[in-house]
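Colleague: I would like to learn how to read a strand and a ligand site. Can we take them in turn?

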Amino acid sequence: MISKTYRRILVGCTILIGHSSLGEAQSVPVYLDESKPVEQRIEDALARMTLDEKIAVIHAQSKFSSPGVKRLGFPDLWTDDGPHGVRPDVLWDEWVQAGQTNDSCVAFPALTCLAATWNPQMARLYGESLGEEALYRKKSVILGPGVNIYRTPLGGRNFEYMGEDPLLASRMVVPYVQGLQSKGVAACVKHYALNNDEEYRHQVNVVVSDRALHEIYLPAFKAAVTEGGAWAIMGAYNLYRNQHNCHNSILLNKILKQDWGFDGVVISDWGGCHDTDEAVTNGLDLEFGTWTDGLTMGRTNAYDSYHLAEAYKQAIREGRYTTKELDEKVRRVLRLFYRTTMRREKPFGFLCSESHYDAALRIAQEGIVLLKNGRVAKAGGKRETAPLLPLDLSKKKRILVVGENAIKMMTVGGGSSSLKVQREILPLDAIQARCSKFKAQCSYARGYVGDTIQSYDGVTVGRSLYEARSAEELRTEAVVKAKEADVVIFFGGLNKSDYQDSEGHDRRQYGLPYGQDELLEALLAVNKHIVYVNISGNAVAMPWLNKVPAVVQGWFIGSEAGEALASVLMGDVNPSGKLPFTWYQRLEDCGAHALNTYPGTWRDDHQVIDETYKEGVYVGYRWTDKQKVRPLFAFGHGLSYTTFKFGKLTADRQRLTADEQITFTVSVTNTGRRAGSETVQLYIADKKASVDRPVKELKAFQKVFLQPGETTDVKLTIGRDALSFYDEDTQAWKAEPGEFEALVGSASDRLPAKYIFRLE
Ligand code: BGC
């Protein structure tokens with residue numbers, strides 16, 4: 001119900017905007033009347049809008065905003081990156097920082113880390129916290145989350161995505177979207193679709209089978225839309241079937257809007273719209289970031305030259321189009337307004353609250369993956385040694401921290417996800433703080449220089465990375481100090497510079513950059529007690545792995561990075577992250593590279609590069625399973641400071657019909673001495689099918705927390721969907737009767753509990 005006072009304000013507004021005469025203005029116009037269904041309000045608003053107003057709301061007016069309809073009281077729509085925190089404001093027309101004093105945010109862990117929690121509740125917390133930060137900053141659309149599949153470890157933007165598995169990414173994206181939108185802030189899920197690597201992202205034409213498209217690359221987008229109810233989606237830069245994805249008739253009109261019933265707004269990636277006719281007819285609703293051509297690129301106020309601006313208006317005036325397509329786009333934009341800017345019951349936003357730091361910390365701690373703890377090579381084979389982690393500072397008194405990534409801010413750089421944070425706790429600072437608490441000594445040696453970039457888009461890093469010493473001097477210093485240390489903690493990996501984990505390009509090598517392998521070997525020669533913490537969003541080669549007793553995957557984890565890492569290394573937190581992708585030994589162990597599909601083949605005119613996904617559905621563990629290749633670390637792998645035992649797998653039935661579900665039960669016991677979490681993973685193997693199917697596929701999972709000695713029964717339910725494949729002949733999902741096997745365990749390569757059942 002609308003209150004009396006409020007009604008008076010609205011009626012006043014009606015008079016002002018002149019839609020009723022003074023005498024008649026007792027009722028609220030439908031488009032403003034909150035008691036009326038939104039669809040009715042949309043139609044009413046649409047009917048009142050002029051052609052100019054309609055054209056205005058479907059393209060940008062600044063780098064990150066598009067206009068509302070001032071005359072009717074619709075405010076401007078402000079978008080912002082995304083996906084790990086709310087990006088600082090840039091100038092109206094430039095990428096340069098606006099220099100605001102109220103836009104320092106909390107950086108949440110990068111989405112690879114979120115996926116590594118395997119905990120949908122963390123995704124919900126992430127979305128809600130980010131939504132609150134966005135509200136404070138008056139942003140109505142957050143450009144994220146990203147759910148492109150991790151297809152090659154060279155992918156420059158993998159850190160912004162949720163790994164290689166469609167089910168894991170689906171289960172994690174839904175609560176992120178719902179959490180964000182529960183605050184009245186739209187998620188703009190990106191980059192739809194097939195933007196699986198960055199090099200030549202504007203020219204890549206992806207050639208992929210329908211089966212791989214539907215089984216691997218689309219499910220997370222579909223879940224975000226059909227289950228998460230995403231209000232916006234961003235078209236990707238690349239092409240599919242020779243059409244740019246920001247105006248791709250199959251992806252947008254057919255699959256997204258028709259098949260999935262998407263009622264939100266398709267927003268072009270910044271500069272991803274190339275053609276008025278295609279944009280009009282192929283499903284784009286809101287154009288952003290276009291560099292129209294040489295004439296307007298970089299020029300200010302070029303927005304009239306957007307493909308969906310003057311050119312479109314002109315085409316309508318000349319009768320080349322009716323307003324049918326335009327009205328449909330405007331309807332969607334108005335719907336977005338009602339969901340966001342026009343939504344009055346939005347909660348208040350707040351920035352940098354303790355609750356947001358706490359959320360960032362918890363997500364980071366749950367996502368850190370303990371890859372290895374306590375096995376080293378010995379002459380004649382491997383041998384177990386006592387686990388090196390967690391570090392007991394009451395016993396280990398001389399700690400040496402080595403590596404640039406211990407002192408480098410990772411929230412700055414990497415492209416559009418770069419942030420301006422209120423604080424970022426660096427690993428070295430957090431470790432030093434703990435050492436001083438325990439009266440342990442902590443020294444530091446940089447060891448190598450990666451890059452010394454001090455700022456990104458005008459945001460300057462907090463600690464200078466300037467270094468005058470030579471590589472030789474740095475290495476010698478580290479080696480000398482390592483001789484004296486009880487333990488060496490090496491913070492290495494990648495960073496957010498170009499050709500590392502960064503937008504716009506891919507990595508050029510699988511190996512660690514900046515001579516880190518050589519440095520590690522030199523350190524190992526004088527000290528065997530090395531913990532290697534890898535900071536990255538991607539897997540890297542680890543030729544020294546057999547010699548290093550403890551390895552931790554530390555991701556890019558935002559504001560609380562150092563604190564989260566220190567708490568895991570020192571054992572305040574028991575690690576429970578699991579890899580969201582396969583960690584290959586060699587690049588050639590990845591299907592895309594084994595089949596030489598990357599980066600593709602340039603056409604003769606050098607305008608388009610065709611990248612054929614020859615590996616089909618065999619991405620990640622689906623490929624290594626098929627090829628019987630052992631990865632360095634399997635998908636779903638992640639250790640703990642405690643141990644877990646799985647009991648026998650049972651099910652509530654042995655046969656099921658097409659519309660029935662089957663529930664599996666397995667007991668999990670914490671057999672160690674510490675409380676900890678385990679993620680129970682269920683994979684399904686189709687024993688015999690009319691098409692070639694992966695050896696097994698993840699179909700359900702659940703994370704459980706157990707006290708020492710505690711046992712719990714974990715139940716995992718699946719239905720026919722989990723048994724289906726995408727049938728290219730009928731263009732539909734199909735589950736074939738026959739025998740299936742359920743495999744349950746703690747990683748894709750550790751599935752001790754098995755159960756055979758039949759689909760009738
Ligand atoms: C990126 C998007 C981003 C947009 C706006 C583009 O270059 O691909 O992910 O949201 O810029 O910053």
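Colleague: Is strand β4 enclosed or open to solvent, and how do I tell?

Modeller: Keep in mind that this is a predicted model. Start from burial: a residue counts as buried under 20% relative accessible area. In strand β4, residues 186-192, seven of the seven residues are buried, so the strand is largely enclosed by the rest of the structure.

Colleague: Which strands pair with β4, and in what sense?

Modeller: Look for bridges. Strand β3, residues 141-143, pairs with β4 in the parallel sense over two bridges. There, Val141 has Ala186 as its bridge partner. Strand β6, residues 232-235, also pairs with β4 in the parallel sense, over three bridges. Here Cys188 stands opposite Ala232 of β6.

Colleague: What is the handedness of the unit that β3, helix α6 and β4 make?

Modeller: Follow the path from strand over helix to strand. β3, helix α6 (residues 166-181) and β4 form a right-handed β-α-β unit.

Colleague: Now the ligand. Which residues are closest to the ligand, and how many surround it?

Modeller: List the shell before the contacts. The ligand is surrounded by 14 residues, the closest being Asp81, Arg157, His191, Asp269 and Glu503. By class, the shell holds five nonpolar, two polar and seven charged residues.

Colleague: Where are polar side-chain atoms placed against oxygen atoms of the ligand?

Modeller: Take them one by one. An N or O atom in the Arg157 side chain is 2.8 Å from a ligand oxygen. For Tyr237, a polar side-chain atom lies 2.8 Å from a ligand oxygen. For Asp269, the distance from a side-chain N or O atom to a ligand oxygen is 2.7 Å. As for cover, the ligand has 310 Å² of accessible area on its own, and the protein covers 95% of that.

Definitions and conventions
Residues are numbered from 1 along each chain as its sequence is written. This is a predicted model: local features need pLDDT of at least 70, side-chain atom pairs count only at pLDDT 80 or more; totals for chains, interfaces and linings use all residues. Side-chain values use heavy atoms; hydrogens and water are left out. Buried means under 20% relative accessible area, exposed over 50%, partly exposed in between (1.4 Å probe, protein chains only). Helices (H or I, at least four residues) and strands (E, at least two) are DSSP runs, numbered from the N terminus. Two strands pair if DSSP finds at least two bridges between them. A crossover is right-handed if, with the strands pointing away from the viewer, the path from the first strand over the helix to the second runs clockwise. A residue is near a molecule or strand if one of its heavy atoms lies within 4 Å of it. A polar contact is a pair of N or O atoms within 3.5 Å; within protein, one must be able to donate a hydrogen and the other to accept it, and residues adjacent in sequence count only if both atoms are side-chain atoms. Accessible areas come from the Shrake-Rupley method with a 1.4 Å probe; for residues, only the protein chains shown count as cover. Ala, Val, Leu, Ile, Met, Phe, Trp, Tyr, Cys and Pro count as nonpolar, Asp, Glu, Lys and Arg as charged, and the others, Gly among them, as polar.
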